[in-house]
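Please read it alongside the sequence and the model shown below.

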Amino acid sequence: MNEIAHISDRAAAFCEATQVPGFLAGVYRNGEQAVIAHGVANAATGAPMRQDTGFLFGSITKIMTTTLVLQQVERGVLALDAPVVGYLPEFRLATPGAAEKILVRHLLSHSSGIDADLFFPGDAGRDALKIYVERLGRECGVLFEPGERISYSNGGMIVAGRLLEVVTGLSYHELLERDVFAAAGMADACTSAEQAILRSTAIGHFPDPAGGAARPTGMFMLPQTWAPAGGTAIGSIEDLLAFGRAHLGAGLLSAESVELMRTVTHDMGTPGTSPVGLGWLIETLGGTTVLTMSGASPGGVAVLAVMPEHDLVFAAYGNDPQALTLHDELLHWLAGQFGAVETPAYTPQTVDLQPYAGTYRSNQLRVDVRVVDGELEELVTYEPADEAQERVFTGFVGGAFTVPPMRYVPVGKDLFAPAGIPLDGLSPHYLVSYHGGAAYRCSGGRMTRRTPV
């Protein structure tokens, strides 16, 4: 398989240049499959990265949660356009009357508006998701009306996980293991560190700011309360390829449900936010449709991409967040086999910056925007709700959350790029956009809302 030779060479070169400890990748295409492994799974022990090494799936689990929900829709247990509270009466939000407007569909399309992106309540055993939903009702409101906008939603997927528990009578982990892992042939997948430690498993690392070797994470996984959003699922590259193959056609779901997942339901119309279907983020690269989801874990990042028109699945994992850059490069290279992948071109523009200045907030996050020397300057501040959540979040990002002020220049209507770096080929990950007359700021697909003066 020609693709895997190129990926292997690029992985070796990238890891050497960036000091990323290890990398895994695999490609399935037209009945053929290959996996490569490079480097080490754990810099502290020197354990090698093997082709069957397990790793945390992170937010790729969201596609699995969506699959579980649609299985229940096919069985007539759930309806996508029914209110969540009809199945989950205890579902409430701190904004009065908001929960009652949210449909099952909104949970899967990142359009529920639930303001819980950084809401990290700790473990609670088997009752973790029940406790999460109870606390959500007391501590988290909404950013916008359901269906009005897109904001990448961990909270929505976790509510979907609790919804599944209530309507099936099984725990989320039991459903995931039975109806996704076993059904898709994901032989090495599991949902606990206790199981993962019995086989080769990678841990995350963080780049040393001083330029030294990568530092191993001090926290392996997120709390059980985050399971449906991507806290606990673990498996190998072959497991992810098996799951991806099931979404090339009817496998875990009917052909109708598979098509529903890959049909765009919302599009914010800005380069920094991918159009979404149900679960999947949907891109067009090289003239072909690419279904994608990345998955961050403490010190690691995975990716799964499915190209239905070409019978192709790509999966990768790097045990350092810098690997996201390589994921993007390889995905664009693969799509480029089928057509030219356009390189975005941005041009600085002259606009009135004052309308964008102000303070924007979401759950435990504050963004102060002001005009400085003809540019927008942003200061992002983490405002932890309590010590327990701060411990989880700082463990997830590898230390204290301190971000220096960043400057941005306008490059389109309500669109801004970091100042002082080349704009040719700039990844959309770095863009910031404003919406609703600067009522909202969006970065990385996540909304913050302007705070009234």
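Contact here means heavy atoms within 4.5 Å. The structure is a predicted model, in which local features need pLDDT of at least 70, side-chain atom pairs count only at pLDDT 80 or more, and totals for chains, interfaces and linings use all residues. Residues are numbered from 1 along each chain as its sequence is written, and side-chain values use heavy atoms, with hydrogens and water left out.

**Arg135 and its surroundings**

- Arg135 lies in helix α4, which spans residues 128-139; helices (H or I, at least four residues) and strands (E, at least two) are DSSP runs, numbered from the N terminus.
- Leaving aside neighbours within four places in sequence, Arg135 is in contact with Phe119, Pro121, Cys140, Asp386 and Gln389.
- Arg135 has a relative accessible area of 18% and is therefore buried (buried means under 20% relative accessible area, exposed over 50%, partly exposed in between, with a 1.4 Å probe and protein chains only).

**Nonpolar cores**

- A nonpolar core is a set of buried Ala, Val, Leu, Ile, Met, Phe, Trp, Tyr and Cys residues joined through side-chain atoms within 4.5 Å.
- The largest nonpolar core has 106 residues, of which Met64, Phe91, Leu136 and Met186 touch the most other members.
- Apart from that core lies another, of 26 residues, including Phe14, Leu285, Leu330 and Leu331.
- Not counting residues up to four places away in sequence, Phe91 touches Val84, Val85, Ala99, Ile102, Ile114, Val133, Leu136 and Val159.

**The barrel**

- A barrel is closed by 8 strands with antiparallel pairing, in the order β12-β13-β14-β15-β16-β17-β18-β19; two strands pair if DSSP finds at least two bridges between them.
- From one strand to the next, the twist averages 30 degrees (axes are lines fitted to C-alpha atoms, for helices over the stretch in contact, and angles run from 0 to 180 degrees between N-to-C directions).
- Strands β12 (residues 358-362) and β13 (residues 365-372) are antiparallel and pair over 5 bridges, with Ser362 opposite Leu365 in β13.
- A hairpin is formed by β12 and β13 with 2 residues between them, and Gln364 in the turn has a positive phi of about 65 degrees.
- Strand β12 is also joined by 2 bridges to the antiparallel strand β19 (residues 446-450), where Arg449 stands opposite Arg361.
- Strands β17 (residues 432-435) and β18 (residues 440-443) run antiparallel and are joined by 4 bridges; His435 stands opposite Tyr440 in β18.

**Cysteines**

- A search of the whole structure finds 0 disulfides, a disulfide being a pair of cysteine sulfur atoms within 2.5 Å.
- The closest cysteine sulfur to that of Cys140 is in Cys442, 19 Å away, which is too far for a bond.
- Cys140 counts as buried, at 1% relative accessibility, and Cys15 counts as buried at 5%.
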